[in-house]
Structures are given as C-alpha cells and as structure tokens.
Amino acid sequence: NEVKVISIGMFAAPGTPVVWRGPMLHRAMQQFLADVFWGDLDVLLLDLPPGTGDIAITVAQLLPHSEIVVVTTPQVAAAEVAERAGILSAQTQQRVVGVIENMSYLELPTGERMEVFGSGGGQAVADELTTALGYVVPVLAQVPLDVALREGADDGEPVVLSAPESGAARALEAVAERLATRSRGLAGRQLGVTPS
C-alpha cells in the first residue's frame, strides 16, 4: 500500500509562513483536488485546521457529501470549537462519522492514567453532535499522549509502523479499522447493470 501526500508546506521556503486570505486558500484547495494526479484512491483524507473558517467551507463546496471525522482534545474550549465544526456539516451536506479525542491521557509506568488535559471532551462532542445532527456520532478512539507518536511524527514514520504495540498505535489502528469497514459510495462497485 502507498500513501500519497501533498501540502502547501512543500511549496514554501523553510521557515516562511504561508499567509493567504480566503480566495487564495480556495484556489489552492481546488488545485490540490483537481490538478494533482492522485491515481485510484481508496480514501482521500484532508487534515484541516480546526473550526469553521474558509477552508472548511471550501471543502464543503468542492466535496459535497464528504464525511467528517471531528478531532478534539479533552479540554472544554477545544471541545466547543470541535462541536461548531461538526454542526456546520448540517448546512454543508456532509456527515460526521465520529469523534477522535487526541491527547486523552498519559499512561504512567504504574499503568495508571493521568488525564493531563482533563477528561470527557470527546464524549461531550459526540453527545452534542448526536443531539444536534439527529443521528449517532460515536467516539472512534481516545488517543493517548505517547512519546512514540511524537517521535514518529518528527521522524516522518507512522507510529503504527515504528511502535505498533504503543497505546497511540493501537488507538489509531482501531480508528482505521472502524472507518475501513463502513459502507462507502458506489466507486469501484459492481452495480449489476448491463448495457442493452
């Protein structure tokens, strides 16, 4: 399996911030979706900034009926931002498939969990979105604070390969498995239709 990646960071000089207003962001996203040769994809995953800004609206316009995974941390302030992003989906013909709570806890050598950033943010977002959207939005995973995850991110090696037994790797594998086993669109499926 291969993973193809593109980022605006690949086009900026190191250490140079990309300061763009809405129209430039919109055009860049259009180019990433239309002009990049992706080949046959199983999944197209977009990592978006938090909130309901220009880029979230652009994605909704360019990819109607796409699905959203809402990511939050346990803190109340982060959960509130994540809720707003999820609720936006009701206006943009998108569906929230679940919530991931990142930095959920730190596992201590004793096996005890220290909730560094509080607790309950992911479940609160899932509950709020379930009520607001009228369908069940589950918590897909609670990803712990994990040195292996940080090191893998810094080294450019996924934690599921570099430390597959780590807590973060197990949580991320569970998310991938849950999302992969969901029914998807019609792309690549036999429709049972023959030309006449």
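Student: What percentage of the 196 residues of the protein chain count as buried?

Tutor: Buried means under 20% relative accessible area, exposed over 50%, and partly exposed in between, with a 1.4 Å probe and protein chains only. In the protein chain, 28% of the 196 residues count as buried. This is a predicted model: local features need pLDDT of at least 70, side-chain atom pairs count only at pLDDT 80 or more, and totals for chains, interfaces and linings use all residues. Residues are numbered from 1 along each chain as its sequence is written, and side-chain values use heavy atoms, with hydrogens and water left out.

Student: How many helices and strands are there in the protein chain?

Tutor: Helices (H or I, at least four residues) and strands (E, at least two) are DSSP runs, numbered from the N terminus. The protein chain has seven helices and five strands. From the N terminus on, their order is α-α-β-α-β-β-β-α-β-α-α-α.

Student: How is the span of helix α1 read?

Tutor: The expected span is 1.5 Å times one less than the number of residues. Helix α1 covers residues 22–34, 13 residues in all. From first C-alpha to last it reaches 18 Å, close to the 18 Å expected.

Student: Which residues of α1 are buried?

Tutor: They are Gly22, Ala28, Met29 and Phe32. Seen down the axis of α1, the buried residues fall within an arc of 130°, so they line one face of the helix. That arc is taken from the directions from the helix axis to the C-beta atoms. Pro23 and Ala34, on the other side of α1, are exposed.

Student: What covers the buried residues of α1?

Tutor: Contact means heavy atoms within 4.5 Å. The cover includes α2 (54–62).
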